Amino acid sequence: MSAPQRSASLTRRRLMLGAGGLALSGFAGSARAGEATPRRFFRISSGTSGGMYYPLAGLIGAAISNPTQGGKCAVEEVCGVAGLVAVALSSAGSFENLERLVSRRVESAFCQADLAMRCAEGKLPGIPLELGQRLRSIGTLFPEYLHVVTRRSANIRILADLVGKRVSFGGRGSGTDRDAAAFLQSFGMQESSIERVNLSAVQAARAFREGTLDAFFLISGAPANSVTALAQDNLVTLLPMEGVGARHLAERRPPFRSSVIQSGIYPHIPATSTLSVGALWLVTEDLDQELVYEITRALWSQPTADYLIENDRPIGPQVSIENALDDTKTPPLHDGAQRFYREQGMLPA
């Protein structure tokens with residue numbers, strides 16, 4: 001089957017499942033007459049509808065689902081996991097996703113690797129250690145970059161220029177919201193020195209156009225749609241995150257690492273030094289090992305790669321098995337995922 005045919009087949013499957021959502025009724029019970037495999041409902045807690053997690057989760061859900069066929073499939077075939085119905089659920093972001101996952105309200109979740117690590121180590125306020133220790137990884141999906149977006153007309157050239165300005169820390173429940181204060185502290189600033197608000201990236205972009213916001217923090221893959229739209233109209237720039245403050249931040253918030261948002265990613269914005277962290281796909285330790293193995297196998301199959309490249313530009317091409325093991329030491333890999341990576345020669349036998 002050619003790549004266009006695989007993509008078309010997956011597109012039909014996504015339409016059948018619903019673009020990122022599906023009614024709960026009728027899909028979590030036993031097999032219907034004539035079906036070889038019972039249907040199993042699998043939820044992926046993702047992010048806001050205007051962000052990157054939610055559409056990607058919808059596409060991955062379609063790619064790994066196979067509610068109507070039984071049996072295992074060869075890698076070149078488009079069939080997903082037999083009996084699985086995987087769908088995306090919207091959320092405020094990484095922190096809400098962790099809360100849902102450890103409380104067993106969802107089967108899986110996307111999350112910034114730094115928050116997942118802190119949660120697993122019992123260092124994330126609001127989630128007890130005994131719950132965080134249940135977290136396990138399927139793999140890293142793509143890199144997320146720290147964006148400090150400023151209104152060009154506000155004449156903000158360094159982070160200290162944010163003093164007295166109105167700044168969004170991201171939507172409540174997002175990973176950005178949980179990390180933004182630490183970003184300021186690493187550069188010798190206090191949250192009390194600015195006028196803090198909590199807006200999603202979409203809301204922040206709207207406030208920029210209305211002239212009611214001076215800057216916003218955003219941890220996201222690049223390019224982020226909200227930033228691109230503002231940059232196209234030459235309304236914003238990005239503050240560099242570098243030097244002693246950036247090194248301090250990487251030390252305080254591992255696994256953040258030094259990185260660069262390259263020139264050309266956003267119109268009118270030059271290459272900008274910053275930090276990045278992986279976006280993890282998480283489950284819990286008690287999820288069935290065979291199921292996680294089959295999900296991991298379907299995720300990294302060629303049909304899924306073709307489908308993501310075709311339908312999620314530009315993040316789809318960044319979802320690569322070459323980076324799958326980045327940031328997966330804490331939380332550790334699920335046993336089912338480990339089995340797959342060992343078969344691929346990516347982990348010791």
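This is a predicted model: local features need pLDDT of at least 70, side-chain atom pairs count only at pLDDT 80 or more; totals for chains, interfaces and linings use all residues.

**Helix packing and a buried leucine**

I start with helix 4, residues 113–120, and helix 6: their axes cross at roughly 85° and come within 10 Å. Angles from 65 to 115 degrees count as roughly perpendicular, and helix 4 and helix 6 are therefore roughly perpendicular to each other. On the helix 4 side the contact is made by D114, L115 and R118, and on the helix 6 side by G175, R178 and D179. Sorted by class, the residues of this contact are 4 charged, 1 polar and 1 nonpolar.

The average pLDDT of the protein is 89, and 86% of the residues score at least 70. The stretch to treat separately is residues 13–35, where the pLDDT is below 50; in the model this stretch has 50 contacts beyond near neighbours in sequence.

Back to helix 6, which spans residues 175–186 and also packs against helix 9, residues 243–252. What is the angle between helix 6 and helix 9? About 135°, with the axes 8 Å apart. Roughly antiparallel would need an angle over 145 degrees, so helix 6 is oblique to helix 9. The crossing of these two helices, helix 6 and helix 9, is right-handed. Helix 6 contributes A182, F183, Q185 and S186, which meet G245, H248, L249 and R252 of helix 9. By class, this contact of helix 6 with helix 9 has 4 polar, 3 nonpolar and 1 charged residues.

Next, a single residue. L299 belongs to helix 10, residues 289–299. Is L299 buried or exposed? Its relative accessible area is 3%, and buried means under 20%, so L299 is buried. Leaving out residues up to four places away in sequence, L299 touches I60, I64, I138, L141, W281 and T304. One of these, I60, is 239 residues from L299 along the chain, yet the C-alpha atoms of the two are separated by 7.1 Å.

Helix 10 comes up again with helix 12. Helix 12 runs over residues 335–343, and its buried residues include G336, A337, Q338, F340 and Y341. What covers the buried residues of helix 12? The cover includes helix 10 and strand 6, which is 135–151. After helix 12 comes G345, with a positive phi near 75°.

That is the last item on my list.

Technical notes. Residues are numbered from 1 along each chain as its sequence is written. Side-chain values use heavy atoms; hydrogens and water are left out. Axes are lines fitted to C-alpha atoms, for helices over the stretch in contact, and angles run from 0 to 180 degrees between N-to-C directions. Helices (H or I, at least four residues) and strands (E, at least two) are DSSP runs, numbered from the N terminus. Angles under 35 degrees count as roughly parallel, over 145 as roughly antiparallel, 65 to 115 as roughly perpendicular and the rest as oblique. A crossing is left-handed if the near helix is turned anticlockwise from the far one by less than a right angle, and right-handed if clockwise. Contact means heavy atoms within 4.5 Å. Ala, Val, Leu, Ile, Met, Phe, Trp, Tyr, Cys and Pro count as nonpolar, Asp, Glu, Lys and Arg as charged, and the others, Gly among them, as polar. Buried means under 20% relative accessible area, exposed over 50%, partly exposed in between (1.4 Å probe, protein chains only). pLDDT is the predictor's confidence in each residue, from 0 to 100.
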